[in-house]
Amino acid sequence: MKNKILAFFKAISPEAYHIEDAAYILGIKGADELETFMSQVKALAEAGLLVKRGGDYYKLTAPTSTATADKKQGNTVTGTYKSLRNGRGLVVDETGTHEVAIGPDDRNGAMHNDKVVAHIFRFGRVGEQRPEGRVEKIIEHVNTSIVGTYDRQRQFGFVTPDDERLGDDIYVALPDSLEARSGAKVLVEITAWPDAKGRQPEGKITQILGYTGDVGVDINCIMAAHKIPFAFPEPVLDEAKQVNFEVAVTGKRLDLRDVPMITIDGEDAKDLDDAVSCKQLANGYYQLGVHIADVSHYVRGNTAIDKEAYKRGTSVYLVDRVVPMLPTVLSNGICSLNAKEDRYAMSCIMEINHAGKVVDFTISPSVIRVDRRCSYPEIYKALEEEIIPDDLLPLMPMVHELHEVAKILITMREKSGAISFEFPEYKILLANDGTPLKIVRKDRTIAEKIIEACMLIANETVAKYLRDSGKPAIYRIHEQPSEEKLQALQTVVTYLGKPFHLAEGAVEPKDIQQFLDSLAGTDVEQIAQIMTLRSMQQARYSSVNVGHFGLASACYTHFTSPIRRYPDLIVHRLLKKRLHWPDGYSKYDDSEEYLATAADHCSLQEQVAVAAERDTNDLKKVQYMEPYVGEVFDGKISSITSFGMFVELDNGIDGLVHIATMDDDYYFFDEEHFLLVGRRTGRTYHLGEAVKVTLIKADKDKKQIDFLLGEIDAATLIQKSLRSRNRLSGSSQFSSNSSISGKDRKRKSSSSAGKQKSRKKSARDSFGKVAKKTKAKKQGKKGSKSKKKGSKKK
């Protein structure tokens, strides 16, 4: 109960609450429970965690550990400056645990994500969460290039960043504008940084990304913001043209061209990394072959192609395009395992027993010839519905054997305790001009599971081979989940009526999977899966093998996708070096230092790719929802935060119900149980709860969707908007500095006016759309009533 009490007072801090009111809101019932509650509150006050005010009012005591630690180290904190939309900011230290509040006039020219040193001038007092300070020194400016919208004036221009957190408009002299017109989406390179005197940043435009209405300009902006390249440098393309496309059986390569094999991929895939073969042996075991494109044959170390591939780290799969790691002449051409063509490959041929254990294996460069390209829907229909194309019939015996070995491998993984998340995936279908047409759900069928099982066992077999060689290697690791987050998961699920407890000590993957299995088919299944996933660490690359928790694997790597992942290419080169393959692989750098650096770099590039993919999907989801402003939807609460709750619709789209719009009460965030709780009524909203919402805004610029709870008409919407503005009126806006030059002031006032006009227009548009929808509904109802009256007259 102590944690529950502390969570409540933390949520309402710095306010004080009467002890009886707090008990009512927290749902304390019965004399015994109330007595326990009262004694716990008093005990917390005696321990110094709560402060008693007059008349049995209590409030949270501000944590002093941060201030004390900072005082011991001096009054400075080194960390990252995080800009908030109200003009203020935070400096978050390198551990992510300490924060210093920075006022609008104290940022000393720091921009969002800059590395800074902050001086603390006031430590947190009772009831306050953070010390206050000012930025003393900027160690590193991170935003060297910024995406934004250009506004050309008579004698100069300025760029308004797309990311509002960057705050300042960027001054651009006309000679540095590339003759861009007003309204152009541009990439601007910063040439002079803002300072404490109010000077705004200056820059020069390095690329015009497009104009409003241009096909793909919205995705171009996201690519530029994430520094994803638009094209390959000329030296890379020139080098790619020199690649020898001849494929011949030479040296120690295995000749597997007569072995029946297929590829199974998505219908729109162009870079085919992997082929599979399978047959049952005389002893009843299965011989599974996983044959991977031998990219290392064509991409040698320290060439222009290799350096660019390393820099990119991965292919990026955006909503409307693929940005490949390798030039397309390689990725979609000679490296791709196209059917009926000879290709160089790296083959991992495994003998697998009925328990799913690899009892023998061979890893070797090879020459293969894929018999047929198959798609996931095609294999699914062949196995489940017996709809088989004529040219697939001769290969069906092998497909059935693949199915059998996959079932064995899946069972083996389940017994080992591998964690399986069954989240639905959604694909956004676009028109030629980039307009989102439809969002379709993609379910994992047996076809996807067959390939997944084959790739997992091949990756694991290669990883163990490299580990047992005793030489440095690169691994795909997934560390144990956070104990704190697992405890939070148990608390929330128990509160929702599904109590469970993990054993003390080191948690094993099978413990997590057993918990998920116990909730299968219940109303909290999806929420439990989401929270479990959030409690997990992020998988990454490392030169140190610590195993893969999620797969319940002691040793794992990535071997199966060298066309689109650089770590896989590293693994192929390491294999050739361990196999004493000729052609210079003995000189390949396999030092611990190089592999550790490469692992960190590739992990970072993977995060960049995931963020860019997410942003493009979010953008198209917002565009898809634009015509539905004013419509009412059924959804479920998928996440709860201190500023509101996210509601997910049946089509996978989610949006925010901001806490300021929930005006039937003042709600606070019960972090321990992931609840929003009304302070007056005690009304709660919990994860997984079904709610009805009205779409009020789909903002393309911010890639945000906003809902209001319930079915809202236009008049109610306006009233709620006014009330929520009043509740948020305490938020400060960016303040102007009196020392700003006339030129800067003109730019700033022009920009502010433009932003204010844009905000007003956006609000009017939202109200207008809802009003039209409401009017149309009323007219529809009136029409239906008229029809009913007419029918009565007849």
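1. Arg312 forms a salt bridge with Glu308, their closest N and O atoms lying 2.9 Å apart; the term requires a side-chain nitrogen of Lys or Arg within 4 Å of a carboxyl oxygen of Asp or Glu. Both residues belong to helix α7 (residues 304-312), four residues apart, about one turn of the helix. Arg312 and Glu308 are both buried (under 20% relative accessible area; exposed is over 50%, partly exposed in between; 1.4 Å probe, protein chains only).

2. This is a predicted model, in which local features need pLDDT of at least 70 and side-chain atom pairs count only at pLDDT 80 or more, while totals for chains, interfaces and linings use all residues. Residues are numbered from 1 along each chain as its sequence is written, and side-chain values use heavy atoms, with hydrogens and water left out.

3. The structure holds 33 salt bridges. One of them joins Asp468 to Arg467, with the closest N and O atoms 3.1 Å apart. Asp468 is exposed at 58% relative accessible area, and Arg467 is partly exposed at 35%. Asp255, Arg257, Asp342 and Arg369 are linked in a salt-bridge network.

Notes:
Helix = DSSP H or I, 4+ residues; strand = E, 2+ residues; numbered from the N terminus.
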